[in-house]
Each structure stands twice: as C-alpha cells, then as structure tokens.
Amino acid sequence: MNEQPSALTRLCAVGRAFLDVLWPPLCLACDASVGSPSALCPSCWSAIQFLDAPLCACCGAPFEVPTDEGTVCGTCLAYPPKVAKTRSVMLYNDASKRLVLGLKHGDQLHLVPAMATWMHRAGGPLWDTSDVLVPVPLHRWRLLKRRYNQAALLARALGESTGKPVMVDALTRWRKTESQGHKSRTERARNIAGAFRVTPRRALDLRGKRVLLVDDVLTTGATLEACATALHSAGAASVMALTLARAPRPGT
Ligand SMILES: [Zn+2]
Ligand SMILES: [Zn+2]
C-alpha cells in the first residue's frame, strides 16, 4: 500500500529542515557537519574501530586472525575472569577517546542515545542471558562533583531499549580509589579490589539474578572483576559486562 505522508509527518520534516538550517547536525566526535543528527562524519567513522568477530568468546578481546566460534584467548585461559562474558562497541583509541571523554567529563549528554544504540547492537549475545542491568558506580564524592554517572545514563538508556530492569543503586563504591591512569595490571587490580559492595537493601533482589554490568570503558578489566566479586558474594547467578570502549589489549 502506497501511503501518503500524513500532515504531521510533513510538518515534522519541514521542522527538521528548518532546524538543520539554524543548527546543522554535527558529528558526534568532532565539529564536522553531517547529514543527520546523532551520526559520525566519514573520517571519524573510519578512525573509530568498531569491534566485530573474531572476538574472544569470554572477554571479547579482538583476535587478529580468524578463529572458530567459542575460541577463548590465552589470558582468559590462564586467568579465567569472574565476568563470564564481556562485549564492547569499539576500541579505545584517539578517535573514540573524544567520545568517551565528552560523556565522562564534558557534559555531552546528547551522546547517550547514539552510544546506547551501538551498545544494544554490540551486546547481542548478552541480552538473552541477563536479567538485570547494573551500572558501575562512582564514589559519591565524585558523583557530587560530576553530577551524573555516565555508566548509569548508558544503563538507563539500554534498559529502555531492551525492556530490562536497571538497578542503579545495586553496587556502592565505598572506597575512593586512586586514579588508575598509569598503573600496571597488578597495581590496578590491587588498587580496586574490595572497592565495591552490594548495597545491603539490594542484596535480596540480586540473589539468583544474571547481572549485566554496564560501563563506559574497560581498561584492564580490574574494575569489572571487583564488581563481579561483590555481586557473586551477594548470590548473583552470573555476571557479564557491556562497555562502550575497551583498551586494545587488556593489561597494557
Ligand atoms: Zn567527525
Ligand atoms: Zn579473553
């Protein structure tokens, strides 16, 4: 059936065109103008490395050569992580860093819907095996300073698109940790171990649940492992994770 656009659709299209003249849509990662809102310009699109198979079946690290489905990387074989499966949208490189830092420190909250759409797609293998979304929390002092937790914003948007419940207060970051910036893998793990606790009033709600942790960046995985330790000890059935970006090789 060849339906004519309704008067409202035509009015919206006119409104959109009018707004585009006043405020042309800009690339999410730079100031180049783009054809539609919430898009990346061609040069940012090609600089951002979106992750796709072949990936480690466990931690989601990309393999350089084709592998069979279900192949697990050497690191996961040697040190099986507490987070059973992790997936990320993109590699953390100079191009994606602008997006990540824009959300984390730049108040660029307009990035959330596009990021959540990408994360929804990248999280494909995780949706059927998770019951509840839990964002990695900030320490309350940091939350006061920044006013929002970027991981909670992403988790809420994913909750809306997937229909999964979101438990923003499931975990508490009760110990303020030093910056992880220049620490080695072992130092990071030691720095963050025990930094998270399950919020007591949420412990019962988490028992037997398959939890999907949500965060913006995975660096070594130490933060996600510390969250998984707390969730397992509260009786969560399993813990998986979905992040926007990930370091090229965990531990480097
Ligand atoms: Zn751009
Ligand atoms: Zn792995």
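**Entry 1: α9 against α11**

I started with α9 and α11, and their crossing is right-handed. I use that word when the near helix is turned clockwise from the far one by less than a right angle, and left-handed would be anticlockwise. Before going on, I noted that this is a predicted model, where local features need pLDDT of at least 70, side-chain atom pairs count only at pLDDT 80 or more, and totals for chains, interfaces and linings use all residues. For bookkeeping, residues are numbered from 1 along each chain as its sequence is written, while chains are lettered from A and ligands numbered from 1 in the order in which they are written.

Helix α9 covers residues 185-192 and α11 covers 222-233; their axes come within 9 Å and cross at roughly 35°. Axes here are lines fitted to C-alpha atoms, for helices over the stretch in contact, with angles from 0 to 180 degrees between N-to-C directions. I then looked up who touches whom: R188, A189 and I192 come from α9, and A222, T223 and A226 from α11. Contact means C-beta atoms, placed from the backbone, within 7 Å of each other. By class, I get four nonpolar residues, one polar and one charged in the contact of α9 with α11. The nonpolar class is Ala, Val, Leu, Ile, Met, Phe, Trp, Tyr, Cys and Pro; Asp, Glu, Lys and Arg are charged; the others, Gly among them, are polar.

**Entry 2: the chain as a whole**

I count eleven helices and six strands in the protein chain. These are DSSP runs numbered from the N terminus, with helices being H or I of at least four residues and strands E of at least two. Of the 252 residues, 33% are buried. My cut-offs: buried is 20 or more other C-beta atoms within 10 Å of the residue's own, exposed is 12 or fewer, and partly exposed is in between, again with C-beta atoms placed from the backbone. Taking contacts between residues at least 6 apart in sequence, I find that 71% join residues at least 24 apart.

Which residues of α4 are buried? I found S96, L99, V100 and L103. They span an arc of only 95° around the axis, which puts them on the same side of α4. The arc is taken over the directions from the helix axis to the C-beta atoms. The buried residues of α4 pack against β1 (86-91), α5, α8, β5 (210-218) and β6 (238-246).

L101 is also in α4, but with 13 other C-beta atoms within 10 Å it is partly exposed.

Next I went to the loop between α4 and α5, where G106 sits. G106 has 12 C-beta neighbours inside 10 Å, so it counts as exposed. The C-alpha atoms of G106 and R146 are separated by 9.5 Å, and the two residues are 40 apart along the chain.

**Entry 3: α5 and α8**

In α5, the buried residues are M115, A116, M119 and A122. Down the axis of α5 they fall within an arc of 120°, so they line one face of the helix. I listed their packing partners as β1, α4, α6 (124-127), α8 and β6.

At what angle do α5 and α8 pack? About 60°, with their axes 9 Å apart. That makes α5 oblique to α8, so I wrote it down that way. The angle classes are roughly parallel under 35 degrees, roughly antiparallel over 145, roughly perpendicular from 65 to 115, and oblique for the rest. The crossing of α5 and α8 is right-handed. On the α5 side the contact uses V112, P113, M115, A116, M119 and H120; on the α8 side it uses L153, L154, A157, L158, S161 and T162. The contact of α5 with α8 has nine nonpolar, three polar and no charged residues.

Where is the cis peptide bond? I found it joining A53 and P54, with omega about 5°. P54 lies in the loop between α2 (42-47) and α3 (74-78).

D107 is not a glycine, yet its phi is positive, about 60°. I place D107 in the loop between α4 (94-104) and α5 (112-122). D107 is exposed, with 11 other C-beta atoms within 10 Å.

R147 has a positive phi too, about 75°, and is not a glycine. R147 is in the loop between α7 (140-146) and α8 (150-162). With 7 C-beta neighbours inside 10 Å, R147 is exposed.

How values were computed:
Contact = placed C-beta atoms within 7 Å.
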